[in-house]
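Subject: Structure handover

Hello,

Here is the structure you were waiting for. My notes on it follow below.

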Amino acid sequence: MGNASKETFLITGGSGYFGNRLALSLHKKGAKVILFDIIPPSQELPEDVVFVQGDIREYPDMEKAVTGVDCVFHIASYGMSGREQLNRQLIEAVNVQGTQNILKACVEHGVSRLIYTSTFNVVFGGQVIENGDESLPYLPLHLHPDHYSRTKSLADMAVLKANGTVLKGRSGLLSTCALRPAGIYGPGEQRHLPRIVDYIEKGIFRFVYGKPSSLVEFVHVDNLVSAHVLAAEALTPEKQHRAAGQAYFISDGRPVNNFEFFRPLVEGLGYRFPTLRLPISLIYFFAFLTEMIHCLIGPFYNFQPLLTRTEVYKTGVTHYFSMTKAKAELGYEPREYNLDEVVQWFRSRGHGKKCHHSFLSRLLLNVLFVSALVAVSLSFLPVVGS
Ligand SMILES: NC(=O)c1ccc[n+]([C@@H]2O[C@H](COP(=O)([O-])OP(=O)(O)OC[C@H]3O[C@@H](n4cnc5c(N)ncnc54)[C@H](O)[C@@H]3O)[C@@H](O)[C@H]2O)c1
């Protein structure tokens, strides 16, 4: 990794799944790594990896953290999935104001490189995208059905706009870029996989939805780490600041049907893959109802919605991107991974089918499931007399 072994990297959101993995990789290469997060890392870190507890919403915290740093990986975010998606104020404060604080702190304290971990969602809002590239415009902000995607988009714009800002107190400019990953997977991933395994184990994963030909993408955590390391290099003068002011989509480069992608996990844990396929419009409506109900009773009982609308189209509507720009400009070469290590990770923690449900409990689950479906379908019908 060139000169990076002598450099100091700050990772915001460093206690999260991806931030932590990036930290370990940079540390292995001999770099000095500082993790910045509101919560301490859940895993033990090598002794010389520094953890700074702080909040990106607090500018003084950021000022302290960036002092003496060569390059920032801005990864901290809030509101991506589940019930978090519905906490609008916090999402805005972390994703937008937090990003502005970091950019300001970099300029004020002479940090010359910043890589932002963005998302596919900045251009995707439920429309079909086949082999899209970075020339695609941002999705108009009012079309984002969820706050997370809208605020990630605002942060992505702010980061790219800050590229070329004159640094205070030293010569030089701030170089920034945005990496826009697909859904992240890998052993120990905590955001999506445990929820999916929970649904499989509770017998809720009994159907798939959308067309079998719909394609989405994922990125293995280590491919995403390599893209970030390459992006940090591509912002240096040695690489002619090649990535400065640029955005890159990052995935494994293998479009796949969302549910087929998870088949090895379902079957690897000893469960039957569902054969029932439902129309995506029905599931979208169900997600809409769940969000409405959450809106009403969320302040008293903040339950985890089964699915949100964004999750429905992220999993059921075709959207995949070309890796040509990342390959050409960053030298990104995704390695091939499968879900074997993920299955092993869950199995080694006691997951996997152990015994068969009794006939009665299976019957009860089926009755519950069919009743829920009938209730949702009936709510599509106009009310008699109205
Ligand atoms: N997980 C995915 O599938 C996915 C897909 C596309 C993009 N991304 C982006 O990748 C990045 C990493 O994702 P992840 O799954 O590792 O997320 P994560 O939730 O595991 O990590 C985010 C970290 O940010 C920290 N954080 C939140 N608010 C903070 C604050 N105010 N101050 C300081 N730290 C704060 C959290 O404590 C957490 O440790 C995020 O920016 C996310 O938007 C993730």
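This is a predicted model: local features need pLDDT of at least 70, side-chain atom pairs count only at pLDDT 80 or more; totals for chains, interfaces and linings use all residues.

The ligand

The shell around the ligand holds 28 residues, and those that come nearest are Asp-37, Ile-75, Tyr-148, Arg-191 and His-192. By class, 13 of the shell residues are nonpolar, 10 are polar and five are charged.

A polar side-chain atom of Arg-191 is 2.6 Å from a ligand oxygen. The backbone contributes as well: a polar backbone atom of Ile-184 lies 2.8 Å from an oxygen of the ligand, and one of Thr-117 lies 3.5 Å from a ligand oxygen. The protein buries 92% of the 820 Å² that the ligand exposes when taken alone. Helix α1, α4 (147–162) and β8 (183–185) are the elements that give two or more residues to the shell.

The nonpolar cores

Which residues touch the most other members of the largest nonpolar core? They are Ile-11, Leu-22, Leu-26, Phe-73, Ile-115, Ile-250 and Leu-330, out of 46 residues in that core. Several elements supply two or more residues each, among them β1 (8–12), α1 (17–28), β2 (32–37), β4 (71–74) and α10 (324–330). The largest share, seven residues, comes from α6. There is also a second, separate core of 29 residues, which includes Tyr-185, Ile-200, Phe-261 and Val-266.

As background, nonpolar side chains tend to be buried together in soluble globular proteins.

A buried threonine

Thr-176 belongs to strand β7. Is this residue buried or exposed? Thr-176 counts as buried, because its relative accessibility is 0% and the cut-off for buried is under 20%. A polar atom of the Thr-176 side chain lies 2.7 Å from the backbone oxygen of Val-159.

Two positive phi angles

Most residues other than glycine have a negative phi. Asn-131 has a positive phi of about 55° although it is not a glycine. Its place is in strand β6 (residues 129–132), and Asn-131 is partly exposed, with a relative accessible area of 49%.

Gln-240 also has a positive phi, near 55°, and is a residue other than glycine. Where does Gln-240 sit? The residue is in the loop between α6 and β11. Gln-240 counts as exposed because its relative accessibility of 57% is over 50%.

Lys-28 lies in helix α1. Its relative accessible area is 78%, so Lys-28 is exposed. The C-alpha atom of Lys-28 is 46 Å from that of Leu-276, and the two residues are 248 apart along the chain.

Regards

Technical notes: Residues are numbered from 1 along each chain as its sequence is written. Side-chain values use heavy atoms; hydrogens and water are left out. A nonpolar core is a set of buried Ala, Val, Leu, Ile, Met, Phe, Trp, Tyr and Cys residues joined through side-chain atoms within 4.5 Å. Buried means under 20% relative accessible area, exposed over 50%, partly exposed in between (1.4 Å probe, protein chains only). Helices (H or I, at least four residues) and strands (E, at least two) are DSSP runs, numbered from the N terminus. A residue is near a molecule or strand if one of its heavy atoms lies within 4 Å of it. A polar contact is a pair of N or O atoms within 3.5 Å; within protein, one must be able to donate a hydrogen and the other to accept it, and residues adjacent in sequence count only if both atoms are side-chain atoms. Accessible areas come from the Shrake-Rupley method with a 1.4 Å probe; for residues, only the protein chains shown count as cover. Ala, Val, Leu, Ile, Met, Phe, Trp, Tyr, Cys and Pro count as nonpolar, Asp, Glu, Lys and Arg as charged, and the others, Gly among them, as polar.
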